[in-house]
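This briefing summarises a structural model for a reader who has the sequence and coordinates at hand. The points below are grouped by topic.

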Amino acid sequence: MSIREDFQRARTEHEKSARREEILDAAERLVRGAANDRFAISAVAEKVGVSKSTIFLYFANKEELLLALYERAFQRFFTRLRQSLTEGMSGRAFCEAFIDSALVNPTMLILRAQLAHTIERSVQLDSMISAKQKILKGGMACAERMELVLDMKAGYGLRVLMALINLLSGAVQADAQPYVDMDALPDDVANLIRTAETRKVFLSGAEFVITGATGRAFG
Amino acid sequence: MGYNLKEGMVIREDFLRARSEPERAARRAEILDAAEKVLRESPDDRFSISDVANRIGVSKSTIFLYFRNKEELLAAMYTQVGEAFFQRLRSRLRRGMTDMEFCEAFIDSSAECPSLVTMRAMISNTISGSLSQSFVAPTFEAIYRTRTAAVAEAEDALGLEPGQGRVLIKAFMNLMCGAAQVSVLRYIHADNIKPDMMEAMRAADARSSFFSGAELLMKGIRA
């Protein structure tokens with residue numbers, strides 16, 4: 001045989017983790033692609049240029065792959081957010097850093113919307129718990145830093161972080177702008193839809209969450 | 001049963017057809033109720049027009065007399081459940097109620113309209129993307145109208161500044177729907193989970209997660 005079937009197989013730990021990241025990157029491009037694209041393992045395999053069975057060496061099924069991608073997206077968000085925190089920053093500056101960190105890569109929010117009713121019901125309980133523990137750990141680290149820079153009482157960092165993630169996820173749901181042709185709508189309806197714009201809605205609620213947690217003006 | 005055997009037909013196709021306006025309104029309501037039940041029983045929040053038709057014992061084409069496609073049906077369901085939710089919230093508002101009582105009124109009203117959270121998660125991408133523009137506008141307007149009434153009454157009940165009620169209700173809705181996304185307790189068996197992990201999951205339960213954020217938000221409004 002001129003080409004061994006497994007010539008592409010990752011053999012070392014290093015190769016394996018590189019291959020795993022490569023698979024997650026391909027999956028992420030699919031998730032962020034057109035809304036109507038059905039996410040399939042075969043499409044991921046095609047993007048990476050390997051067979052479906054190679055993907056299954058790393059992830060037991062589609063949902064395990066999505067769960068891993070979800071966890072990675074969350075960690076990246078926490079990392080970006082932590083990097084943008086500066087001591088003494090205003091509540092408003094923090095909220096802007098928060099939404100920028102979240103929207104620069106929407107994978108986290110896209111997958112969060114599919115989490116409970118599809119992904120988590122099709123993965124092993126152990127995988128789900130492990131993903132949640134890792135996300136919680138990343139969140140705690142971020143929350144501690146938030147308590148420091150925003151001068152909040154212990155425990156408030158995680159509360160604020162959770163509240164803001166929930167607030168943002170809910171705001172994204174109700175923003176119809178990505179899905180409708182705004183130019184084709186009558187002005188008054190288009191304006192009505194614009195009032196649900198994610199960033200604006202998020203910031204208006206986040207202001208009160210931060211003020212409630214810090215007891216200081218939003219800035 | 002009113003089958004017309006004289007004309008040689010065992011069952012007329014249209015024997016169930018609603019003919020008067022009240023009959024049509026009743027049939028429309030019946031379709032919406034059936035659709036909501038089908039949605040709630042669906043394990044993956046999906047349903048088809050044929051499921052709805054089977055549930056009330058009519059043909060798919062009868063459903064299409066009332067809703068041109070599944071998206072129109074979904075939009076009508078969303079409008080209905082949104083109105084029901086705000087109706088229930090309004091009925092719980094009392095002038096001088098505490099902030100905590102308001103938070104409870106909000107979450108209790110939503111618990112009585114469980115399709116609200118499900119429908120809201122579907123509305124923007126599934127519905128808006130495939131609806132005719134002539135259907136998008138009335139859907140958004142109907143929801144906006146019911147919300148506006150609730151906002152004014154909430155401002156009055158809680159003694160808020162004008163404009164705060166709108167931010168409050170929007171934020172509460174977003175908090176609640178965001179919290180519901182990661183609420184997994186209804187999908188898992190507590191027996192399989194270690195107690196410390198179970199505690200973490202309870203903290204992420206939609207209700208407690210909502211309250212945690214809602215309390216900070218109310219404090220912020222009062223600040």
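Beyond its neighbours within four places in sequence, Leu164(A) is in contact with Phe98(A), Ala206(A) and Val209(A). The model in which these contacts occur is predicted. Leu164(A) and Val209(A) are both listed among the residues with the most contacts inside the largest nonpolar core, a set of 101 residues.

**Nonpolar cores**

- Residues with the most contacts inside the 101-residue core come from both chains: Leu69(A), Tyr70(A), Leu164(A), Leu167(A) and Val209(A) on one side, and Leu175(B) and Met176(B) on the other.
- Helix H4 of chain A, which covers residues 62-83, supplies the largest share of this core, with 11 residues.
- In soluble globular proteins, nonpolar side chains tend to be buried together.

**Interface between chains A and B**

- The contact between the two chains involves 46 residues of chain A and 42 residues of chain B.
- On the side of chain A that touches chain B, two or more residues are given by each of helix H6 (107-119), helix H7 (125-149), helix H8 (156-174), helix H9 (187-194) and helix H10 (198-214) of chain A.
- H8(A) gives the most to this side of chain A, with 13 residues.
- By residue class, the side of chain A that touches chain B consists of 29 nonpolar, 11 polar and 6 charged residues.

**Helix H10 of chain A**

- H10(A) has 17 residues, and the distance from its first C-alpha to its last is 24 Å, close to the 24 Å expected at 1.5 Å a residue.
- Of the 17 residues in H10(A), 13 are buried, and the helix is thus described as mostly covered.

**Domains of chain A**

- The domain assignment divides chain A into domain 1 (1-58) and domain 2 (62-214).
- Taken over C-alpha atoms, the centres of domain 1 of chain A and domain 2 of chain A are separated by 28 Å.
- The contact between these domains takes 7 residues from domain 1 of chain A and 9 residues from domain 2 of chain A.
- Helix H1 of chain A (residues 13-32) gives the most to the side of domain 1 of chain A that touches domain 2 of chain A, with 5 residues.
- That side of domain 1 of chain A divides into 5 nonpolar, no polar and 2 charged residues.

**Domains of chain B**

- In chain B, the assignment gives domain 1 (13-66) and domain 2 (70-222).
- Contacts between the two domains of chain B join 7 residues of domain 1 to 9 residues of domain 2.
- Helix H1 of chain B (residues 21-41) contributes 5 residues, the largest share, to the side of domain 1 of chain B that touches domain 2 of chain B.
- The residues of that side of domain 1 of chain B comprise 4 nonpolar, no polar and 3 charged.

**Fold of chain B and the setting of Phe86(B)**

- Chain B contains 10 helices and 0 strands.
- Buried residues account for 35% of the 223 residues in chain B.
- Of the contacts in chain B between residues at least 6 apart in sequence, 62% link residues at least 24 apart.
- Phe86(B) lies in helix H4 of chain B, which spans residues 70-92.
- Phe86(B) counts as buried because it has 24 C-beta neighbours inside 10 Å, where the cut-off is 20 or more.
- Leaving out residues up to four places away in sequence, Phe86(B) touches Thr146(B), Arg147(B), Ala149(B) and Ala150(B).
- Phe86(B) and Leu160(B) are 74 residues apart along the chain, and their C-alpha atoms are separated by 18 Å.

**Confidence**

- The model scores ipTM 0.87 and pTM 0.86.
- Chain B has a mean pLDDT of 83, with 82% of its residues at 70 or more.
- Among the elements of chain B, the highest mean pLDDT (95) belongs to helix H5 (residues 99-112) of chain B, and the lowest (70) to helix H9 (residues 195-203) of chain B.
- Over residues 1-13 of chain B, pLDDT stays under 50, and the model has 5 contacts beyond four places in sequence for this stretch.
- Where pLDDT is low, the predicted coordinates should not be read in detail.

Notes: Residues numbered from 1 in each chain as written. Chains lettered and ligands numbered in written order. Predicted model: local features only at pLDDT ≥ 70, side-chain atom pairs only at ≥ 80, totals over all residues. pLDDT = per-residue confidence, 0-100. Helix = DSSP H or I, 4+ residues; strand = E, 2+ residues; numbered from the N terminus. Domains from an automatic or database assignment. Nonpolar A, V, L, I, M, F, W, Y, C, P; charged D, E, K, R; others polar. Core = buried A, V, L, I, M, F, W, Y, C linked by C-beta atoms within 7 Å. Buried ≥ 20, exposed ≤ 12 C-beta atoms within 10 Å, placed from the backbone. Expected span 1.5 Å × (residues − 1).
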